[in-house]
Amino acid sequence: MCEGMKQSTQKVLTVILGVLSFPFFAAGIFNGREALVPEKQPELEAFLAAAAAAEIPEEYPYEAVKAQVILVRSRCYVKEERGESTETVIRELVQEGKNAGASREESARCEQAVKETEDVVLKCGGKVVEGPFFRTGNGMTRSGKDIFQNAGYPWLVNVESPWDIDSENYLSSISFSAEELIRTLDEKEEAISEKMFGEEERNEILSGNVGVEQVAEQIQITATDTAGYVTELTVGNLKIAGETFRELLGLPSSCFSVQTLDGKIRFLCQGLGHGAGLSQTGAAAMAEEGKSAVEILQYYFPMAAAERK
């Protein structure tokens, strides 16, 4: 999200927080301290439409919007169970949202979706669980074991998502000269390139004395998960996680290959996002095929169920 959009979203959220908090404080003034016990559910539900609208493009069909609302609600409950306040949870969700300033029509759709899915959450083994989502994958979603490297997320399994392959976000590339690569890495984490290449070689790269092929050869993918995403690679002398490297360079996803083209190092990426859980591209396609929100969630989370809390 660009800085201007982020500031706009934060201003809107501040107003919403103030409006929704007024009845709570007014109750304390007129009814005493005992009245200062907020009911969690109404407060949470009041924020869900804004949080969902911040995550879904306006062109998404309605059943996909409802599926998104259920996942956002589930995330809120999981965070609250960890001890976070509702206000903190929703503030984080809206600030993390990809799309600020939803239209009046989109806001109305999200509000209706909140009403129609009231109290519905994602559950596994009788417990509310968080269902991650991403924009577009490489045709196969990642399991909990793939992305978190442990078996503590049994509701996250590999699922085919063939609709993603036809998406405009399916294939993209980002290229860097050798010097640009060093500077980009160091912008995100100070002196990390020195850990990778050593001080002397780093300076040689920045001086243009090291060829791009020589630098590219030092970027070696050493492990991928069952869905094809890079889980580990070595860059020079440093071993690094695939998701960490993706964040350092701002790559669309950690499903990538490394090439040299036209004097630059090119990262050819498949998909947009982390690749675990629900594909928003796939959810939209399923909704257009006539599938309901519950059916969409059942497909992407076959070991879980959308149920009332």
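Author: In this predicted model, Thr-136 touches Asp-164, Ser-167, Asn-169, Tyr-170, Gly-271, Leu-272, Gly-273, Ser-279 and Thr-281, leaving out residues up to four places away in sequence. With one of these, Thr-281, there is also a polar contact: the two side chains are joined at 2.7 Å. Thr-136 belongs to the loop between strand 3 (133-134) and helix 6 (144-148). Its relative accessible area is 0%, and the cut-off for buried is under 20%, so Thr-136 counts as buried.

Strand 3 and helix 6 each give two or more residues to the lining, as do helix 3 (62-81) and strand 2 (127-128). The largest share, three residues, is that of helix 3. Sorted by class, the lining holds 13 nonpolar, 10 charged and three polar residues.

Helix 3 can be looked at on its own. Of its 20 residues, 17 are buried, so the helix is largely enclosed by the rest of the structure. Its length can be checked as well: at 1.5 Å a residue, the 20 residues should span 28 Å, and the end C-alpha atoms are 29 Å apart, which agrees. After the helix comes Gly-83, with a positive phi near 105°.

A positive phi turns up at other places too. Gly-250, which follows helix 11 (residues 242-249), has a positive phi near 70°. Two further cases are not glycines. Ala-191 has a positive phi of about 65°, and it sits in the loop between helix 7 (178-188) and helix 8 (192-197). The relative accessibility of Ala-191 is 32%, so it counts as partly exposed. For Asp-262, phi is positive and near 55°. Asp-262 is in the loop between strand 8 (256-261) and strand 9 (264-270). Its relative accessibility is 74%, and the cut-off for exposed is over 50%, so Asp-262 counts as exposed.

Helix 11 itself is mostly covered, with six of its eight residues buried. These are Gly-242, Glu-243, Phe-245, Arg-246, Leu-248 and Leu-249.

Strand 7 (residues 238-241) contains Leu-238. With a relative accessible area of 23%, Leu-238 is partly exposed. Apart from neighbours within four places in sequence, Leu-238 is in contact with Ile-192, Lys-195, Met-196 and Leu-233. The C-alpha atoms of Leu-238 and Phe-197 are separated by 8.1 Å, while the two residues are 41 residues apart along the chain.

Last, the chain as a whole. The protein chain has 13 helices and 11 strands. Of its 309 residues, 45% are buried, and Thr-136, where this account began, is a buried residue. Among contacts in the chain with a separation of 6 or more, 69% are between residues 24 or more positions apart.

Terms used
Residues are numbered from 1 along each chain as its sequence is written. This is a predicted model: local features need pLDDT of at least 70, side-chain atom pairs count only at pLDDT 80 or more; totals for chains, interfaces and linings use all residues. Side-chain values use heavy atoms; hydrogens and water are left out. Helices (H or I, at least four residues) and strands (E, at least two) are DSSP runs, numbered from the N terminus. Buried means under 20% relative accessible area, exposed over 50%, partly exposed in between (1.4 Å probe, protein chains only). A polar contact is a pair of N or O atoms within 3.5 Å; within protein, one must be able to donate a hydrogen and the other to accept it, and residues adjacent in sequence count only if both atoms are side-chain atoms. Contact means heavy atoms within 4.5 Å. Ala, Val, Leu, Ile, Met, Phe, Trp, Tyr, Cys and Pro count as nonpolar, Asp, Glu, Lys and Arg as charged, and the others, Gly among them, as polar. The expected span of a helix is 1.5 Å times one less than its number of residues.
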